Amino acid sequence: NPSGIITEAILKHTNLHVVGLCNNPINMIGGMALIFGVADRDVFLEWVGLNHVNWIKRVFVRGKDRTPDLFAMLEQLLQHEEFPHFDPEMVRMLGVFPTYYLQYYYDHPGTLAKARAAAKTRGETVKEVEDALMKKYADPNQVVKPPELMLRGGARYSEAAVNVILSLLLDRRDVQIVVTRNGTALPDLPPDASVEVPCIIGAHGVTPLSMGPLPETIRPLCQQAKAWESATVKAGVSGSRADALYAMMVNPLVPSFAAAKALVDEMLEANREYLPQFFPQES
């Protein structure tokens with residue numbers, strides 16, 4: 001997902017005030033509220049990492065640390081669709097709760113096998129859904145959410161966006177989990193990198209909370225994923241194939257330099273019209 005990369009690119013190379021959003025945090029808060037039998041507002045997550053590469057260090061419910069209770073019920077959570085299905089032994093070994101998108105790193109072969117076994121790729125499915133949605137949205141009499149929207153994914157995204165807008169406009173100074181400039185929030189990552197952490201949001205803008213050092217069980221993956229994201233930003237700005245190749249090779253999911261070369265060549269060619277910086281001779 002490019003959200004963290006785009007946010008970092010804008011923060012580093014423009015004067016715009018920008019915040020990145022994902023529905024993963026708001027959905028996880030809702031899931032925790034469900035299993036502990038409380039309202040969303042009663043849950044606080046010590047959320048650390050990047051967009052789509054993140055973990056929950058501790059779960060607080062009405063001010064009480066309920067992390068031990070969460071770890072005690074890991075086997076039960078496998079029955080809940082709201083939670084990622086990771087091996088409880090692995091979760092207890094990590095000592096933190098991994099979120100949904102870490103399946104691509106922690107179970108790469110299994111996740112890839114499921115994708116290959118599907119009748120259509122995720123991209124093909126989304127394109128079909130969006131084509132149907134655009135036809136319905138073209139009708140001015142369409143005043144309710146089309147059922148196809150449920151097939152697109154992204155539940156509660158609108159709620160997350162409205163929460164940020166209201167806090168900025170009304171100076172609510174409440175805590176929301178968003179993507180922003182790191183500063184000192186995660187000392188194991190560069191200050192100018194984008195991170196996804198709890199932030200105070202008000203009329204002043206977005207202030208990330210200090211979440212402390214990353215646990216050693218997750219630090220290597222988080223740092224490598226961040227290195228890939230930051231290298232991708234650099235490549236996009238420089239228009240250098242060497243920079244793009246390095247970024248692709250650093251990605252934790254790319255197995256070899258040969259694979260990185262093939263991916264970069266195919267990616268640049270497929271997106272030639274959108275990446276003029278890599279083809280200066282054609283401009």
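## The second largest pocket

A pocket is an open set of grid points, on a 1 Å grid over the protein atoms alone, with protein on both sides within 12 Å along at least five of seven lines. In this predicted model, the second largest pocket has a volume of about 470 Å³. Twenty residues line the pocket, and Ile-26, Ile-29, Asn-163, Val-175 and Gln-176 are the ones closest to its centre.

Which elements supply at least two residues each to this lining? They are helix 2 (24-36), strand 1 (43-50), helix 10 (157-170) and strand 5 (174-181). Strand 5 gives the largest share, with five residues. By residue type, the lining of this pocket holds 13 nonpolar, two polar and five charged residues.

## An enclosed cavity

The structure has one cavity of 30 Å³ or more, and the space in the largest cavity comes to about 60 Å³. Its lining is made by Leu-74, Leu-77, Leu-78, Pro-84, His-85, Phe-86, Pro-88, Val-91 and Phe-97. Helix 4 (74-77) and helix 5 (88-94) are the elements that contribute two or more residues to that lining.

How many residues of this lining are nonpolar, polar and charged? Eight are nonpolar, one is polar and none is charged.

## Nonpolar cores

The largest nonpolar core contains 50 residues, and Met-32, Leu-45, Trp-55 and Phe-97 have the most contacts inside it. There is also a second, separate core of 11 residues, with Leu-245, Met-248, Val-264 and Phe-279 among them.

Some of these residues can be tied to features already described. Phe-97, one of the residues with the most contacts in the largest core, also belongs to the lining of the largest cavity.

## Helix 1 and its neighbours

Helix 1 covers residues 3-13, and its buried residues are Ser-3, Gly-4, Ile-5, Thr-7, Glu-8 and Leu-11. What do they pack against? Their partners are strand 5, strand 6 (194-202) and helix 11 (219-238).

Leaving aside residues up to four places away in sequence, Thr-7 touches Val-18, Gly-20, Val-179 and Ser-194. Lys-12 is in helix 1 too, but with a relative accessible area of 32% it is partly exposed. With residues up to four places away again left out, Lys-12 touches Asp-192, Ser-230 and Val-233. Lys-12 and Ser-194 lie 182 residues apart in sequence, yet their C-alpha atoms are 9.4 Å apart in space.

A disulfide is a covalent bond between the sulfur atoms of two cysteines. A search of the whole structure finds zero of them. Cys-22 is buried, at 3% relative accessible area.

The relative accessibility of Cys-222 is 0%, so it counts as buried.

## Two positive phi angles

Most residues other than glycine have a negative phi. His-52 is not a glycine, and its phi is positive at about 70 degrees. This residue sits in the loop between strand 1 and strand 2 (53-61). Is His-52 buried or exposed? His-52 is buried, and its relative accessible area is 12%.

Arg-173, also a residue other than glycine, has a positive phi near 50 degrees. Arg-173 is placed in the loop between helix 10 and strand 5, and both of those elements supply residues to the lining of the second largest pocket. With a relative accessibility of 55%, Arg-173 counts as exposed.

Technical notes. Residues are numbered from 1 along each chain as its sequence is written. This is a predicted model: local features need pLDDT of at least 70, side-chain atom pairs count only at pLDDT 80 or more; totals for chains, interfaces and linings use all residues. Side-chain values use heavy atoms; hydrogens and water are left out. On a 1 Å grid over the protein atoms alone, a cavity is a set of points where a 1.4 Å probe fits but cannot get out, and a pocket is an open set with protein on both sides within 12 Å along at least five of seven lines; lining residues have an atom within 4 Å of a point. Grid points are joined across faces, edges and corners, and a volume is the space filled by probe spheres set on the points. Helices (H or I, at least four residues) and strands (E, at least two) are DSSP runs, numbered from the N terminus. Ala, Val, Leu, Ile, Met, Phe, Trp, Tyr, Cys and Pro count as nonpolar, Asp, Glu, Lys and Arg as charged, and the others, Gly among them, as polar. A disulfide is a pair of cysteine sulfur atoms within 2.5 Å. Buried means under 20% relative accessible area, exposed over 50%, partly exposed in between (1.4 Å probe, protein chains only). Contact means heavy atoms within 4.5 Å. A nonpolar core is a set of buried Ala, Val, Leu, Ile, Met, Phe, Trp, Tyr and Cys residues joined through side-chain atoms within 4.5 Å.
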